[in-house]
Amino acid sequence: MAEEKQVKRVKIKATAQMGKIMADYFYELDAAAKDRSKPIAWCTSVGPAELLLAMGFLVHFPENHGAMLGATRMATDMIPEANAIGYTPTICSYLTADIGAYLKGVTPLSKAYKGIESVPKPDVLVFNTNQCRDVQDWFAWYGDEFNVPAIGIYTHRGVKDVGEEHVASVAEQLKNLIPTLEEVSGNKFDMDELKRVLTLSRECSELWQKVLFTASTKPSPLTFFDGTIHMGPAVVLRGTQKAIDYYKLLLAELEERIKDHVAAVEGEKYRIYWEGMPVWGRLSVHSKLFAGLSANVLASTYCNSWIFSDFDENDPFNSMARAYTKLFIVRSDEAKEEYIKWMLDYFKVDGIVYHDAMTCPNNSNCRYGMAQRLEKETGIPSLIINGDLNDLRMISDEQTKTNVEAFVEQLEEQHG
Ligand code: SF4
């Protein structure tokens with residue numbers, strides 16, 4: 001058996017600053033919800049946040065809240081509440097955990113941030129189905145509950161090459177959101193403001209990409225598990241200077257690590273690619289499991305989802321449409337496989353772990369033979385672990401551990 005040892009991880013110093021800007025973000029939303037000083041929009045994680053910011057909204061992301069419910073291991077107890085009103089246990093466990101928490105009147109925000117008692121009440125809900133249909137149902141439920149508009153963009157799925165027809169359709173839908181957003185916010189749409197926000201968002205995206213791509217160095221200064229924590233600002237604060245300042249700080253620290261040959265996983269021997277959602281309630285367990293086997297899970301499709309290289313302030317609507325449709329999750333298996341092959345090469349990967357998340361088929365790409373096809377083409381071995389992003393009843397820790405140990409042993413044999 002591959003030998004497992006206790007590995008001391010070097011802490012990322014910038015984490016303290018991230019904690020501060022995330023706290024400021026949640027307190028600002030909470031204050032606006034209480035004194036009604038600014039309109040509040042709820043947005044899907046890869047929805048049109050830039051447009052909402054440009055129209056003067058503060059933006060809350062229910063998926064971020066869903067992930068917090070998962071990371072604090074509250075989700076599993078919330079899910080049955082949503083099941084009881086008709087949302088089955090096999091649909092998105094962000095949705096069921098988030099609606100369940102609302103029905104129970106609890107939020108992890110209360111524990112993390114003194115004085116915050118609930119998520120901020122929305123004035124409008126805006127989704128993009130580029131990731132899945134669940135978001136539309138999720139937001140429609142809250143639209144009824146709060147009696148506010150739930151509007152959105154319906155994106156093409158399974159796209160091989162993003163063509164002008166896709167871009168034109170999504171760009172038109174983005175523009176069609178404006179009258180409702182003007183009515184709800186009381187603010188007039190201002191093209192210069194959208195260009196300003198988009199410029200900030202693109203800079204955030206570029207820096208986030210640089211942060212993630214530091215992991216191509218041997219040894220890697222970063223792990224996937226670090227990435228899942230440090231992606232917070234790229235998700236909820238993109239389009240703001242705060243996110244840019246934060247990623248400059250984090251990048252400088254990681255570049256320092258590279259200069260000093262500091263490995264995120266001491267004695268890194270095997271480099272692993274993670275395909276699929278994280279298991280939020282097991283981040284630390286999984287991080288220790290792999291590190292203990294001298295394996296660094298260092299790159300992923302998931303963390304890269306907030307890289308929007310196509311944003312262009314000179315062509316705001318088309319470039320937003322292109323960026324939000326070029327996302328991995330929107331694409332055909334053929335396009336996804338090309339992308340993963342590039343990633344395996346760039347990050348010098350020895351093995352792939354696919355997380356087959358029970359409640360998210362959209363982020364579980366191993367269900368139709370992709371793992372086998374890629375293994376055949378690249379010769380890089382893979383492991384599929386069954387689990388879920390949030391519902392801990394769907395995972396077996398023992399089985400995951402045994403399978404990961406056997407997989408690393410296989411890598412050991414291959415590498416001699
Ligand atoms: S992509 Fe998956 S995890 Fe994300 S909202 Fe959709 S079903 Fe839920």
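Is Y102 buried, exposed or partly exposed? This model is predicted. Y102 has 27% relative accessibility, so the residue counts as partly exposed, because that class runs between the 20% limit for buried and the 50% limit for exposed.

Now look at the aromatic rings. The structure holds 31 aromatic pairs. One of them joins Y102 and W141, with ring centres 5.7 Å apart and planes at 80 degrees, so this pair is edge-to-face. The angle decides the label because planes over 60 degrees apart count as edge-to-face. The two partners come from distant parts of the chain, 39 residues apart: Y102 sits in helix α5 (residues 93–104) and W141 in helix α7 (residues 134–146). W141 is buried, at 15% relative accessible area.

Y102 also pairs with Y142. Y142 is buried, with a relative accessible area of 1%. Ring pairs link Y102, W141 and Y142 with W42 and F146 into a cluster.

Next, the ligand. The residues around it are C92, Y94, Q131, C132, D134, V135, M277, C360, N362 and N363. By class, this shell has six nonpolar residues, three polar and one charged.

Finally, turn to the second largest pocket. Its volume is about 480 Å³. The lining has 20 residues, and I307, K326, F328, R331 and Y339 lie nearest the centre. Helices α10 (191–213) and α16 (333–346) each give two or more residues to this lining. The largest share, six residues, comes from α16. Ten lining residues are nonpolar, five polar and five charged.

Technical notes:
Residues are numbered from 1 along each chain as its sequence is written. This is a predicted model: local features need pLDDT of at least 70, side-chain atom pairs count only at pLDDT 80 or more; totals for chains, interfaces and linings use all residues. Side-chain values use heavy atoms; hydrogens and water are left out. A residue is near a molecule or strand if one of its heavy atoms lies within 4 Å of it. Ala, Val, Leu, Ile, Met, Phe, Trp, Tyr, Cys and Pro count as nonpolar, Asp, Glu, Lys and Arg as charged, and the others, Gly among them, as polar. On a 1 Å grid over the protein atoms alone, a cavity is a set of points where a 1.4 Å probe fits but cannot get out, and a pocket is an open set with protein on both sides within 12 Å along at least five of seven lines; lining residues have an atom within 4 Å of a point. Grid points are joined across faces, edges and corners, and a volume is the space filled by probe spheres set on the points. Helices (H or I, at least four residues) and strands (E, at least two) are DSSP runs, numbered from the N terminus. Rings of Phe, Tyr and Trp (its six-membered ring) pair if their centres lie within 6.5 Å; planes under 30 degrees apart count as stacked, over 60 as edge-to-face and the rest as tilted. Buried means under 20% relative accessible area, exposed over 50%, partly exposed in between (1.4 Å probe, protein chains only).
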